[in-house]
Amino acid sequence: MFQTYEPTASASGTAPRVASLRAQFDGLQLDGFLVPRVDEHQGEYVAACSERLAWLTGFTGSWGIALILKDAAHLFVDGRYTVQAPAQTDPAIFTIQSLIETPPSQWIPANMPSGSRIGFDPWLHTIAEVKALSKAVAAINGTLVPVAKNLVDIAWTDRPAAPLEPVSIHTLEYAGVLARDKIHAMAETLKAAGASATVLTDPSSLAWLFNIRGNDVPHTPIALGFAIVKAEGEPLVFIDKRKLPMKTEAYLTQLANILPPSQLEATLAAL
């Protein structure tokens with residue numbers, strides 16, 4: 001892991017940001033909203049547009065999650081950030097909690113009133129997390145509420161644009177195996193398992209399978225995107241074509257059908 005110590009966020013502007021988030025609660029009948037430090041790919045490094053937790057709280061650690069309530073706000077971090085979290089956040093707004101001893105899935109049933117409705121962005125939580133959180137709110141007769149658009153994104157009026165760094169081809173000299181051969185091997189594995197398709201959500205999987213590299217996040221040469229690899233037929237790659245130079249687009253088009261990321265959800269539903 002790479003760690004930098006240059007401040008990239010500030011607690012000085014968090015009060016109006018938290019207020020802007022809370023202003024959306026009544027319209028959605030929410031009592032709280034979860035803000036994790038991850039993106040849609042669950043990667044350790046995220047693009048500037050996905051630094052929601054830092055923007056909202058001032059905390060710039062590599063992992064944590066905030067629970068914003070109507071009259072309180074809690075930041076859950078692990079032992080690595082015992083000093084950093086209090087130093088970077090406004091103590092008048094945020095209470096620091098232990099992500100290890102009392103994560104949100106344990107804190108909610110012990111502290112939230114019966115019938116509470118907690119909002120979350122389903123793109124930013126794993127299935128295991130959602131199951132644990134659902135169990136937690138069910139224990140207080142509450143509801144875990146998926147939102148159509150992240151409330152932080154609505155409040156973050158000057159949010160950076162998604163990265164559009166050019167995608168390059170990782171040549172056979174360094175990749176060792178042709179992408180087409182990797183795809184064929186994966187298709188054979190799917191057939192043997194009795195599966196029709198598999199979904200790739202980790203950009204490093206795309207980098208390996210299709211022999212491509214990018215520069216969308218710090219310290220890791222990946223291009224953000226998704227893929228669906230089928231037991232039969234062409235794979236689908238969901239990536240912004242603006243990131244594909246002519247040579248790279250021509251290369252990928254020989255391997256897969258290229259679609260915009262916005263079509264992933266509908267494609268999955270169709271499957």
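**Overall dimensions, burial and aromatic pairs**

Of the 271 residues in the protein chain, 44% are buried, where buried denotes under 20% relative accessible area, exposed over 50%, and partly exposed in between (1.4 Å probe, protein chains only). The model is predicted: local features require pLDDT of at least 70, side-chain atom pairs count only at pLDDT 80 or more, and totals for chains, interfaces and linings use all residues. Residues are numbered from 1 along each chain as its sequence is written, and side-chain values use heavy atoms, with hydrogens and water left out.

The protein chain contains twelve helices and twelve strands, assigned as DSSP runs numbered from the N terminus (helices H or I, at least four residues; strands E, at least two). A compact globule of 271 residues would have a radius of gyration near 18 Å, and the 21 Å of the protein chain agrees with this; the radius is taken over C-alpha atoms, and the globule rule is 2.2 Å times the number of residues to the power 0.38. The C-alpha trace spans about 55 × 40 × 35 Å along its principal axes. Of the contacts (heavy atoms within 4.5 Å) between residues at least 6 apart in sequence, 66% join residues at least 24 apart.

The accessible surface of the protein chain amounts to about 13600 Å², and carbon and sulfur atoms account for 56% of that area.

Four aromatic pairs were found in a search of the whole structure. Rings of Phe, Tyr and Trp (its six-membered ring) pair if their centres lie within 6.5 Å; planes under 30 degrees apart count as stacked, over 60 as edge-to-face and the rest as tilted. The pair Trp55 and Trp156 is stacked, because the ring centres are 5.3 Å apart and the planes lie at 20°. Trp55 belongs to helix 3 (residues 52-57) and Trp156 to the loop between helix 7 (151-155) and strand 7 (168-169), so the pair ties together parts 101 residues apart in sequence. Both Trp55 and Trp156 are buried.

Phe76 and Trp107 form an edge-to-face pair, with 6.2 Å from centre to centre and 80° between the planes. Since Phe76 lies in strand 3 (residues 73-77) and Trp107 in helix 5 (residues 104-111), this pair ties together parts 31 residues apart in sequence. Phe76 counts as buried at 0% relative accessibility, and Trp107 counts as buried at 9%.

Conventions:
Areas by Shrake-Rupley, 256 points an atom, 1.4 Å probe, with all protein chains shown as cover.
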